[in-house]
Amino acid sequence: MKIGFIGTGVMGTGMIKNLIKNDYDVTVYNRTKAHAKDAMDAGAKWADSPKALAESVDVVLTIVGFPQDVEEVYYGDDGLFQSAKAGQTLIEMTTSKPSLEERIAKTADAKGIKTLDAPVSGGDVGAKNGTLTIMVGGEQDVFDEMKPVLSAMGSNVNLFGGHGKGQHTKMANQIMIAGTMTGLSEMLAYGKAAGLDLDALVKTVSQGSGDNWSLDNYGPRILAGDFKPGFAAKHFLKDLRIALQESEKMAVPMPATEKAKELYEKMVDQMNLGNDGTQGLVKLYEK
C-alpha cells in the first residue's frame, strides 16, 4: 500500500516516521519543502503538490493547520480532488469543522473515493511514540480497511459514527483539555503565590485525584521553562472556537469553555504567544 501524507509539522513528522517503521511506502507534501526534511531523511519520498501526490498513492492522510488549509489541500487548483480517483481513500486528520468533513465526504463519494475524518489527540509525544488517540468518522467498512494504517500511528483507534463524528469527538476532547489546562495554570499560579515547592506540588497532585494528562505532560515542561509547542496555542484556540460554534448550533451552553477561549485569545491575540505550546497559558499569571 502506497501512502501519501500532507503536513510535516510537529505532529505529522512523528506520524510519518511511525508509518515508515511499519513498512509503509510514504510520499509527503508540505507547503515548505524544507520542513519535510526530517520526514525525508527517515525515508519518505517527495511530491510537488497535493495533486501530484494523489496521482501516485493508494491512500492520502492530511494533517494541516486550519480549516482554510484543509479546503486548499482538497479543493485548490493543485488540490487532491484535481487528481484523486475512484478506489482511493482520503483520511483527513486535521482538527477541523465537522461540516467541512461532511462536504469532503460528499465530494469524494460522487467520485467513488472513500473518506474518513480522523483527528488525533496525544500531542507531540503521542505522535512520536505511535500512541495517539484517533477519533474516526465514516463508514464501518472503510474504517475496518484503514484501521491497520491508523494503528501504526495510534494505540487507541475508535469509530464514532458517520462522517463528521470524528471531529465532534475531537471537539469533546478539546473541551475537556480546556478545563485541565486552565486548572494546571491556576494551580501553579496559586502554589507559587503561596510559596510552595512547585516540583513537589506537581508530583503530589499527580499522585492523587487531581491527576490528568495535561498535568503529567505539561507540568514538568512549565517548571523547566519549556514552552516549545507539543501543540501550538494558536491551533488550540482554533479548536475552542470551533467547539463553541458547534455547541451554539446544538444550543448547549458552555461557559467554562468560553472562559478558556477568552484566556487563550489573550495569550494568542494580545500577547502574541500563539506559537508557544498550550502550556504557555501559565504566562498570563506571571507578575
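**Notebook: a helix pair, a cavity, a domain record**

I looked up H9 and H10 and found them roughly antiparallel to each other, a label for angles over 145 degrees. Their axes, lines fitted to C-alpha atoms over the stretch in contact, come within 10 Å and cross at roughly 175 degrees. H9 covers residues 198-206 and H10 residues 213-223. Helices here are DSSP runs of H or I with at least four residues, and strands are E runs of at least two.

I noted that this is a predicted model, where local features need pLDDT of at least 70 and side-chain atom pairs count only at pLDDT 80 or more, while totals for chains, interfaces and linings use all residues. Residues are numbered from 1 along each chain, and side-chain values use heavy atoms, without hydrogens and water.

Next I listed the contact (heavy atoms within 4.5 Å). H9 gives Leu-198, Asp-199, Val-202, Val-205 and Ser-206. H10 gives Leu-215, Asp-216 and Leu-223. I sorted these residues into 5 nonpolar, 1 polar and 2 charged.

Then I searched the whole structure for cavities, grid points (1 Å grid) where a 1.4 Å probe fits but cannot get out. I found 1 cavity of 30 Å³ or more. The largest cavity has a volume of about 50 Å³. Its lining (an atom within 4 Å of a point) includes Tyr-74 and His-163. Strand E5 (89-92), helix H5 (98-110) and strand E6 (114-117) each give two or more residues to this lining.

Last, I checked UniProt. An unreviewed entry lists residues 2-159 as "domain: 6-phosphogluconate dehydrogenase NADP-binding". Over residues 2-159 I read 40% helix and 25% strand.

Note on methods:
UniProt positions renumbered as here; feature names shortened; annotations may be inferred. Axes fitted to C-alpha atoms, helices over the stretch in contact; angles between N-to-C directions. Parallel < 35°, antiparallel > 145°, perpendicular 65-115°, else oblique. Nonpolar A, V, L, I, M, F, W, Y, C, P; charged D, E, K, R; others polar. 1 Å grid on protein atoms, 1.4 Å probe; cavity = no way out; pocket = protein on both sides within 12 Å on 5 of 7 lines; lining within 4 Å. Points joined across faces, edges and corners; volume = space filled by probe spheres on them.
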